[in-house]
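Subject: Structure handover

Hello,

Here is the structure I promised to pass on. Please open it next to this email and follow along.

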Amino acid sequence: MRDLIGAEWRKIWTGRAWWAVAAAAVLMCVMADAGFVQQDKEDVGSTGDITSTLVQGWFMVELAAAVVALLAVTREFGNGAISRSVLLSGGRARLLTAKLLAVVGSGAVFALAAGALAAVSPWLFLAGHDRQPEWTATTTWTLLGVMLTIVVGAVWGALLGLLIRQQVASILVLLVSTWLVGEGLLRLVPAIGRLTIDEAMASVYRGGNENLLPIPWALLVLAVWIGAGTVVARTLFLRRDLP
């Protein structure tokens, strides 16, 4: 099993897609934080709030972790290599387990990298300004929420890839659900919108919207989404024909 997980791990980091997606995510985070510190100081709150917001901005790495996991899964369906992988791995269930464990590991790598960058970002972006970073307990919990969200995002991306199997369609579903569905429902029907996986993630990294769930309930919603997605993806992967 160790060799199988290692093989899936190497598949994730093979090619240029992962670092291109990661670089784009880092650029978005840098632009978001840089834009934030240029706002009127009267509008951005206390120094502690500013520090937490700069850390929170790195939640966007979650999208990169999800896309990288999604590409790693759908690539094999697209080129027809998934059947050969099943034969070499000793069964569909073993291969699925190895893929998900490797994806959790890749999500942890993204989370650690984003956590390190997020932790130093207040000192970088406030350098030369009249305020100094103020690290509070809220900032610590925000950082942990961002890192947890990135790991969950990687798993969710892999599950979408296993469910849809087609690369372009999977990416479109991921982007539309991330940017439109969750936030749109939260504005139109908050009672339903806050139950989406994206808005539950927003609650965990303290997204600031008053309609979001309390963090303990948001964690439960995330567990339900990941659990249900895993069950459905596993069932389809074990039963549906492979290309």
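One term first: a residue is buried if its relative accessible area is under 20%, exposed if over 50%, and partly exposed in between, using a 1.4 Å probe and protein chains only. By that rule Ser170 counts as buried, because its relative accessibility is 0%.

Now the ground rules. This is a predicted model, in which local features need pLDDT of at least 70 and side-chain atom pairs count only at pLDDT 80 or more, while totals for chains, interfaces and linings use all residues. Residues are numbered from 1 along each chain as its sequence is written, and side-chain values use heavy atoms, with hydrogens and water left out.

The whole chain

The chain has eleven helices and zero strands. Both are DSSP runs, numbered from the N terminus: helices are H or I with at least four residues, strands are E with at least two. The C-alpha atoms fill a box of roughly 60 × 35 × 30 Å along the principal axes.

The radius of gyration is 19 Å, which agrees with a compact globule, because 243 residues would give one near 18 Å. That radius is taken over C-alpha atoms, and the globule rule is 2.2 Å times the number of residues to the power 0.38.

Buried residues make up 44% of the 243 residues. The accessible surface comes to about 12000 Å², and 66% of it belongs to carbon and sulfur atoms. Such areas come from the Shrake-Rupley method with a 1.4 Å probe; for residues, only the protein chains shown count as cover.

Next, contacts, meaning heavy atoms within 4.5 Å. Take those between residues at least 6 apart in sequence: 78% join residues at least 24 apart.

Aromatic pairs

A pair of aromatic rings is described by the distance of the centres and the angle of the planes. Rings of Phe, Tyr and Trp (its six-membered ring) pair if their centres lie within 6.5 Å; planes under 30 degrees apart count as stacked, over 60 as edge-to-face and the rest as tilted.

The structure holds seven aromatic pairs. One of them joins Trp9 and Trp13, with centres 5.5 Å apart and planes at 65°, so this pair is edge-to-face. Trp9 counts as partly exposed because its relative accessibility is 31%. Trp9, Trp13, Trp18 and Phe110 form one aromatic cluster.

Phe77 and Phe237 also form an edge-to-face pair, at 6.4 Å centre to centre and 85° between the planes. Phe77 is in helix H4 (residues 61-79) and Phe237 in helix H11 (residues 215-239), so the pair ties together parts that are 160 residues apart in sequence. Phe77 is buried, at 7% relative accessible area. Phe237 is buried too, at 0%.

Beyond its neighbours within four places in sequence, Ser170 is in contact with Leu70, Thr74, Leu160, Gly161, Ile164 and Arg165.

Thr196 sits in the loop between helix H9 (190-193) and helix H10 (197-204). Thr196 is buried, with a relative accessible area of 12%. Leaving aside neighbours within four places in sequence, its contacts are Gly182, Leu185 and Trp225.

Last, Phe36 in helix H2 (residues 17-37). Phe36 counts as buried, at 13% relative accessibility. The C-alpha atoms of Phe36 and Val55 are 11 Å apart, and the two are 19 residues apart along the chain.

Best wishes
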